[in-house]
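Reader: I am new to this structure. Please take one part of it and go through it closely with me.

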Amino acid sequence: MNNLINLTTQQKIKYFTNALAGDHVLIHLDTSNPDVDIPSNFKNQNVLTLKVSALFRFPQEHDKNSIKVPLKFGPEYYDCVIPWDAVLGITDSNGKQKLWDCKNI
């Protein structure tokens, strides 16, 4: 696999990293992406928004491939995996939003 990541992925990582400096980040994702790992009852939604924060009980981690974060759904935590290709938009805690191509939705 090529070690280079495309420009769009670089933009998403940079925007996400900068947004994490605030209280929270809203990640708008395409749930139809086969590499998205979220609770199965949310996979039937076309677009899902997840709230992530560096202040959460369990820390998130991200790399050039995806965001990995345990999130609470009801009484249980679920280890979510969100590949950058599935990220349609990111909103920071101040409401500033960046959207990327949503042609598949």
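Which residues does Ile27 touch, not counting residues up to four places away in sequence?

Author: This is a predicted model. Start with the contacts. Ile27 touches Phe16, Leu48, Thr49, Leu50, Val52, Ile67, Ile82, Val87 and Gly89. That list leaves out residues up to four places away in sequence.

Strand β1 covers residues 25-30. This strand belongs to an open sheet of four strands. The order is β2-β1-β6-β7, and the pairing is antiparallel. β2 (47-52) and β7 (97-99) stand at the edges. Each has a single partner strand, so one side of each is left without a neighbour in the sheet. From one strand to the next, the twist averages 15°.

Helix α1, residues 7-19, packs on this sheet. The helix touches β1, β2, β6 (87-92) and β7. Its direction makes about 25° with that of β6.

Look at the two sides of β1 in turn. On one side, six bridges join β1 to β2 in the antiparallel sense. There, Val25 has Val52 of β2 as its bridge partner. Val52 is also one of the residues that Ile27 touches.

The other partner is β6. Here β1 pairs over five bridges, again in the antiparallel sense. The bridge partner of Ile27 in β6 is Ile90. Six of the six residues of β6 are buried, so this strand is largely enclosed by the rest of the structure.

Ile90 stands opposite Lys98 in β7. Three bridges join β6 to β7, and these strands run antiparallel. The two form a hairpin with four residues between them. In the turn, Gly95 has a positive phi of about 90°.

Next, the core. In soluble globular proteins, nonpolar side chains tend to be buried together. The largest nonpolar core here has 23 residues. Phe16, Ile27 and Ile90 touch the most other members. At least two residues of this core come from each of α1, β1, β2, β4, β5 and β6. The largest share, four residues, is supplied by α1.

Phe16 is buried, with a relative accessible area of 0%. Its ring pairs with that of Trp84: the centres are 5.7 Å apart and the planes are at 70°, so the pair is edge-to-face. Distant parts of the chain are linked this way. Phe16 sits in helix α1, while Trp84 lies in the loop between β5 (76-83) and β6. They are 68 residues apart. Trp84 is buried too, at a relative accessible area of 1%.

The structure holds four aromatic pairs. Another one joins Phe42 and Phe73. Their ring centres are 5.1 Å apart and their planes are at 50°, so this pair is tilted. Phe42 is in the loop between β1 and β2, and Phe73 is in strand β4 (residues 66-73). The two are 31 residues apart, and their pair also links distant parts of the chain.

That brings in β4 and β5. β4 and β5 pair in the antiparallel sense over eight bridges. Val69 stands opposite Cys80 in β5. Two residues lie between the strands of this hairpin, and Gly74 takes a positive phi near 70°.

The loop between β1 and β2 also holds Asn33. With a relative accessible area of 13%, Asn33 is buried. Asn33 is in contact with Lys43, Pro83, Asp85 and Ala86, leaving aside neighbours within four places in sequence.

Last, a charged contact. Side chains of opposite charge can pair when their charged atoms come close. A search of the whole structure finds one salt bridge. The side chains of Asp63 and Lys68 meet there, at 3.9 Å from N to O. Asp63 counts as partly exposed at 32% relative accessibility. Lys68 is partly exposed as well, with a relative accessible area of 33%.

Back to your residue. With Phe16 and Ile90, Ile27 touches the most other members of the largest nonpolar core.

How values were computed:
Residues are numbered from 1 along each chain as its sequence is written. This is a predicted model: local features need pLDDT of at least 70, side-chain atom pairs count only at pLDDT 80 or more; totals for chains, interfaces and linings use all residues. Side-chain values use heavy atoms; hydrogens and water are left out. Two strands pair if DSSP finds at least two bridges between them. Axes are lines fitted to C-alpha atoms, for helices over the stretch in contact, and angles run from 0 to 180 degrees between N-to-C directions. Contact means heavy atoms within 4.5 Å. Buried means under 20% relative accessible area, exposed over 50%, partly exposed in between (1.4 Å probe, protein chains only). Rings of Phe, Tyr and Trp (its six-membered ring) pair if their centres lie within 6.5 Å; planes under 30 degrees apart count as stacked, over 60 as edge-to-face and the rest as tilted. A salt bridge is a side-chain nitrogen of Lys or Arg within 4 Å of a carboxyl oxygen of Asp or Glu. A nonpolar core is a set of buried Ala, Val, Leu, Ile, Met, Phe, Trp, Tyr and Cys residues joined through side-chain atoms within 4.5 Å.
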